[in-house]
Amino acid sequence: MRKIQTQGVHHITIIGADRQTSIDFWEGVLGMPFIFDQPNLDNPNEGHLYFDPGDGRLITIFTNENRKRDASHVPEATGSLHHLALNVSQATFWQVTARLDARGVEHSGPVDRGFMDSIYFRDPLGLRLELASYRFEPPEGCRHADVMIEAHKFRVVRGDHHIDREHLADAIELLVRRRQSSLSEDRSPRQAY
């Protein structure tokens, strides 16, 4: 028996209401370019809209002009989607509350997650969304996941409750030391003052 190795999220498809509600929210609120529009090839009564969330991957929406907008919370039962998290920069993150407030959208306000900041709110159809912003940039040639696994190891060894900034800083230092060679034989910290 062998694994089926994934290489990232290809796309996420959401059942939407009418076409314009999807365009207004995904492009008009979240800034995702509307890049592709065709019929749902499995259901001729539906449209299939494609949006770029910022990384070239896709979020797609099945639309139907007979479905009306319903802001009731999407059920959060076993096996259901709890929330969809979207990445934003730190510069954007600190503007989110004012921009949601300007639209009258209820939200959590900034939530400290140790290694990232989060804001939660619901889309016009009741789906919980998270706008998440990492508090770090990975070293050149590394991914956020590389930093996270090393930070997790530091957290566990130290008996800390959750990953925080110190774990991230130590993980980044470790990854740089592993990936980048130096002419110095001793790369330990020094008192230079």
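Me: Which residues does Thr-60 touch, not counting residues up to four places away in sequence?
Reply: Thr-60 touches His-11, Ile-12, Thr-13, Ile-14, His-48, Leu-49 and Tyr-50, with those up to four places away in sequence not counted. Contact means heavy atoms within 4.5 Å. This is a predicted model, in which local features need pLDDT of at least 70 and side-chain atom pairs count only at pLDDT 80 or more, while totals for chains, interfaces and linings use all residues. Residues are numbered from 1 along each chain as its sequence is written, and side-chain values use heavy atoms, with hydrogens and water left out.

Me: Where does Thr-60 lie, and is Thr-60 buried or exposed?
Reply: Thr-60 is in strand β4 and is buried, as its relative accessible area is 0%. Buried means under 20% relative accessible area, exposed over 50%, and partly exposed in between (1.4 Å probe, protein chains only). Helices (H or I, at least four residues) and strands (E, at least two) are DSSP runs, numbered from the N terminus.

Me: What does the side chain of Thr-60 make a polar contact with?
Reply: The partner is the side chain of Thr-13, at 2.5 Å. A polar contact is a pair of N or O atoms within 3.5 Å; within protein, one must be able to donate a hydrogen and the other to accept it, and residues adjacent in sequence count only if both atoms are side-chain atoms.

Me: Let us move to Asp-52. Where is Asp-52 found?
Reply: Asp-52 sits in the loop between β3 (43-51) and β4 (58-63). Its side chain reaches the backbone nitrogen of Gly-54 at 2.7 Å. Leaving aside neighbours within four places in sequence, Asp-52 is in contact with Met-32, Pro-33, Ile-35 and Arg-57. The C-alpha atoms of Asp-52 and Trp-26 are separated by 9.2 Å, and these residues are 26 apart along the chain.

Me: Which residues touch the most other members of the largest nonpolar core?
Reply: That core has 20 residues, of which Ile-14, Trp-26, Phe-51, Ile-59, Leu-84, Leu-86 and Leu-129 touch the most other members. Two or more residues each come from α1, β3, β4, β5 (84-87), α2 (90-102), β7 (116-122) and β8 (128-134). Apart from it lies another core of 12 residues, including Ala-132, Phe-136, Ile-163 and Leu-175. A nonpolar core is a set of buried Ala, Val, Leu, Ile, Met, Phe, Trp, Tyr and Cys residues joined through side-chain atoms within 4.5 Å.

Me: And what is Leu-129 in contact with?
Reply: Leaving aside neighbours within four places in sequence, Leu-129 is in contact with Phe-25, Trp-26, Leu-30, Leu-84, Ile-119, Tyr-120, Phe-121 and Asp-123.

Me: Where is Leu-131 found?
Reply: Leu-131 is found in strand β8 and is buried, with a relative accessible area of 6%. The C-alpha atoms of Leu-131 and Ala-85, 46 residues apart along the chain, are separated by 5.8 Å.

Me: New topic: how many cavities of 30 Å³ or more are there?
Reply: The count is 1, and the largest cavity holds about 60 Å³ of space. On a 1 Å grid over the protein atoms alone, a cavity is a set of points where a 1.4 Å probe fits but cannot get out; a pocket is an open set with protein on both sides within 12 Å along at least five of seven lines, and lining residues have an atom within 4 Å of a point. Grid points are joined across faces, edges and corners, and a volume is the space filled by probe spheres set on the points.

Me: Which helix gives the most to the lining of the largest cavity?
Reply: Helix α1 (residues 19-27) does, with 4 residues. Thr-21, Ser-22, Phe-25 and Trp-26 are among the lining residues, as are Ile-14 and Asp-123.

Me: What about the largest pocket: how much space lies there?
Reply: About 780 Å³ lies in the largest pocket. Its lining has 22 residues, of which Val-9, Asp-55, Arg-57, Ala-85 and Asn-87 lie nearest its centre. Strand β5 gives the most to this lining, with 4 residues.

Me: What is the volume of the second largest pocket?
Reply: The second largest pocket has a volume of about 380 Å³. It is lined by 15 residues, the closest to its centre being Val-105, Glu-106, Phe-121, Arg-122 and Asp-123. Strand β7 supplies the largest share of that lining, 3 residues.

Me: Finally, is Arg-103 buried or partly exposed?
Reply: Arg-103 is partly exposed, with a relative accessible area of 44%. It is found in the loop between α2 and β6 (111-112). Not counting residues up to four places away in sequence, Arg-103 touches Gly-28 and Val-29.
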